[in-house]
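This report covers the packing and the confidence of one chain. The structure comes first.

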Amino acid sequence: MVRVSLAYLAIAWLIIQLVGEIGPILELPDWFPRIVLGLLTLGFPITVVLAWIYELTNKGLRRTQDVDRDASLHSMHGRWLDFVIIATLLMALGYFIWESRFADEPSPSGKVESVAVLPFHDLSEAQDRQFLADGIAEELINALSRVANLKVAGRSSSFSFRGEQTDLKSITETLHVSHILEGSVRVSGDRLRVSAQLVNGADGFQVWTREFDGRMEDVFRVQDELARLVVNAFETGESAPPGKPMPGARATSIDAYNAYLLGRHELAQRSATGIRQAIEHFKQAVALDPTYAPAYSGLAKTLVISPYYVQLMPPRELFIQARELAQKSIELDAGNSESYSVLGTISMVFDRHWKQAEEQLRRSVEIHPNDASNLNLLGDYLYTVGDYLAALEIEGRTVELEPLSAANQHELALVNLLLARYDEAIALELLAVQLNPEFSNAWGSLARIYLFTGRTVELQELLASGDAHFSYPFSLWLDVLIEADSGDLDQKEQNLLLLADLGQRGEVSPTFLAFLYASLGDDINAALWLSIALDAQDPILVSPLYFFLPEDWPELPLVRAALERPGLEELYQLRRQYIAGGSGRVSG
């Protein structure tokens, strides 16, 4: 009976290991391993009882008490059972040695120095959980980028390889990282399976591979464990047993988390429709869990960046709401760096409290030093106040972290434009539209550079190509300037009336219109729209792309008088200081 029991356990162990290995390959249902384990567990006491009651003879099974010992095949089969037990134990020993010595051992090429987290694959049967797969990958990026000296490729760059059949070595070379973390997510009912592997991009060796099975609520533990494994490989070159938690997303209800991830997914689209949908998802997450700080900060950030994509509400109302949300997020989690970046942006573009804005933006970077979004907003502040050389360095870091982000290339192009490095700015904007052909901000900037630097041939070629994607108000704005230059005054006036009507309905920035009239030499209308922009606290008014200094408009006294208002004087003083110190603009 003892031999039979040991043999049963050995064979059961082999079956469990086999199911565990082939399950992911054959994409077996999540319930299959549990059914196998349950059947094997149920069969053990039955086998023991049968072995106690019955004996195997040359005439088949007989009750043990009725069998003559000489007629039993016990001695013959005993040796066979001994062989099975010994062979299985040797296999188990070999497996455990391999598992502990090799499966988790780092690749021969050493420690992790930098990593890109690729978008995880959705292997769910309904293929309806891609937002969850993206969310897990994004939260891993968020947690890992908090680790000092570990370079982590940003979301935009890593996610640009979604669905592409690109070898890992090419990805590491493109993103300038040493390792790749990739994986998959599979959801069945309330069950979750996450598979992941850390691979050295140079030689293809696996540093480690992991598979997690559990309930949906375990997603936070899984994210934490994966991040910790990567960090341990970064620090020691090895995987490690569970340790202290990583600074990742705080646990919440799975419904609130799903709503939050959907909000992140829509926000990443950077479109008018995406902004509107992101707001609704974040609001739903807040309603489901009023203590979930990331939902508040996500909603606050969406509101703050919305004026650059869609006009949702008057700026004053929008920024008041965003400030309250960001402050609530910090009350719930003092380490939420996104909220500090939101508050810094509000202080800059709405309150115009420049020192406070810098403190808040630098605080966000201090908390999360490798987050490209936080660095980008700090760079925006630096070039807004006129410190172009510092902005050049910061925006360069964002591009290093996210080289495939069209928005980051565009921001770096703007700094080069402000430094009058036109060729560099053009090259960066061309790269931006190559990365994202529908990125209207980059197309608009490219047309603007051609227009204001007198590159009419390039501008005509751009307009004739049909490649450019301009937003509707900007296309009218551009038409007006081209028509004024060509002498088509009737059409110019018609388009001006259209733009003014959009401005009165709040669908075009008043700063945008003021700059247009000023460029046409219309002092009265330019000053009028400037007053509207000042009263509305239009965030675009502080952009250095429009009214950099009042003295830049000597022929427009009303414009100069409108700009010399107390709310902007501190900004102009900062810009003059940076120019005097050599960090400001190079020319005009």
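## Nonpolar cores

The largest nonpolar core has 151 residues. Phe 120, Leu 132 and Phe 547 have the most contacts inside it. Such a core is a set of buried Ala, Val, Leu, Ile, Met, Phe, Trp, Tyr and Cys residues joined through side-chain atoms within 4.5 Å; buried means under 20% relative accessible area with a 1.4 Å probe, protein chains only. Helix 4 (residues 130-144) gives the most to this core, nine residues. Helices are DSSP runs (H or I, at least four residues), numbered from the N terminus.

## Basis of the model

This is a predicted model: local features need pLDDT of at least 70, side-chain atom pairs count only at pLDDT 80 or more, and totals for chains, interfaces and linings use all residues. Residues are numbered from 1 along each chain as its sequence is written, and side-chain values use heavy atoms, with hydrogens and water left out.

## Confidence

Mean pLDDT (the predictor's confidence in each residue, 0 to 100) is 80 for the chain, and 78% of residues reach 70 or more. Helix 3 (residues 74-103) is lowest, at a mean of 53. Helix 13 (residues 354-367) is highest, at 95.

Residues 97-109 stay under 50. The model gives this stretch 21 contacts (heavy atoms within 4.5 Å) beyond four places in sequence. Where pLDDT is low, predicted coordinates should not be read in detail.

Technical notes: Buried means under 20% relative accessible area, exposed over 50%, partly exposed in between (1.4 Å probe, protein chains only). Helices (H or I, at least four residues) and strands (E, at least two) are DSSP runs, numbered from the N terminus.
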